[in-house]
Amino acid sequence: MSTFALRTDSVDATRSLGEALAGVVRGGDLLVLAGDLGAGKTALTQGLGRGLGVEDAITSPTFTLAHQHQGRLRLHHLDVYRFEASAEILDVGLFELLDDADAVTVIEWGDAIMSALPADLLEVRLELGDGDDDREISVRLVGDGWSARRRALGEAVAPWVRQGSDGC
Ligand code: ADP
Ligand code: MG
């Protein structure tokens with residue numbers, strides 16, 4: 001298992017982390033964002049979108065389930081918080097979205113549907129830290145596709161590695 005333990009101290013820092021991840025992602029990638037309401041999942045996605053060159057505003061798709069943005073790659077942004085049954089996963093066309101080789105798919109609360117997701121994914125878990133604006137963030141590489149990019153990912157997230165952690 002490979003996990004990077006990170007910390008940010010502002011919403012802008014979390015956006016910058018998302019922007020840094022844009023330098024590592026490729027078409028067909030899946031990012032699962034976990035963590036409580038207000039932890040910063042949407043903020044991280046905003047930064048990722050900025051890094052991908054998305055120009056329109058990225059907002060939470062809580063009620064619309066899925067948003068699509070165009071940048072260097074397409075960005076499919078889902079929030080499955082309100083999903084009640086696997087039927088909704090089909091309704092939103094999740095598997096078609098995941099098959100889009102020119103897109104990165106981000107699923108907020110995706111850990112809730114992990115068993116339905118492909119074997120290769122990046123799981124980013126955000127948790128509240130000590131101060132109001134502190135967030136403890138773990139980035140876990142799941143599957144061979146991501147393991148092969150461990151070094152590149154480590155370089156991208158290096159500015160936010162938590163002191164006292166060896167990074168993995
Ligand atoms: P989620 O999508 O996880 O519900 P949001 O990104 O919508 O969370 O909201 C995060 C909230 O927390 C925003 O109001 C943001 O300004 C605030 N915030 C404060 N510090 C941070 C931080 N370090 N990272 C991300 N958000 C932060
Ligand atoms: Mg959100």
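Analyst: The largest nonpolar core has 32 residues, and Leu6, Leu31, Leu48, Leu52, Val139, Trp146 and Leu153 have the most contacts inside it. Such a core is a set of buried Ala, Val, Leu, Ile, Met, Phe, Trp, Tyr and Cys residues joined through side-chain atoms within 4.5 Å; buried means under 20% relative accessible area (1.4 Å probe, protein chains only). At least two core residues come from each of E1 (2-8), H1, E2 (30-34), H2, E5 (103-108), E6 (121-128), E7 (135-142) and H6 (150-157). Here H marks helices (H or I, at least four residues) and E strands (at least two), both DSSP runs numbered from the N terminus. H1 supplies the largest share, 5 residues.

A quick word on the basis: this is a predicted model, where local features need pLDDT of at least 70, side-chain atom pairs count only at pLDDT 80 or more, and totals for chains, interfaces and linings use all residues. Residues are numbered from 1 along each chain as its sequence is written, chains are lettered from A and ligands numbered from 1 in the order written, and side-chain values use heavy atoms, leaving out hydrogens and water.

Now zoom in on Val139: leaving aside residues up to four places away in sequence, Val139 touches Ser2, Thr3, Phe4, Leu6, Leu122, Glu123, Val124 and Leu153, with contact meaning heavy atoms within 4.5 Å. There's also a second, separate core of 16 residues, Leu65, Leu78, Phe83 and Leu94 among them.

As for ligand 1, 15 residues surround it, and the closest are Thr14, Gly38, Lys41, Thr42 and Asp133. (Being near means having a heavy atom within 4 Å.) H2 gives the most to that shell, 3 residues.

Terms used: Buried means under 20% relative accessible area, exposed over 50%, partly exposed in between (1.4 Å probe, protein chains only).
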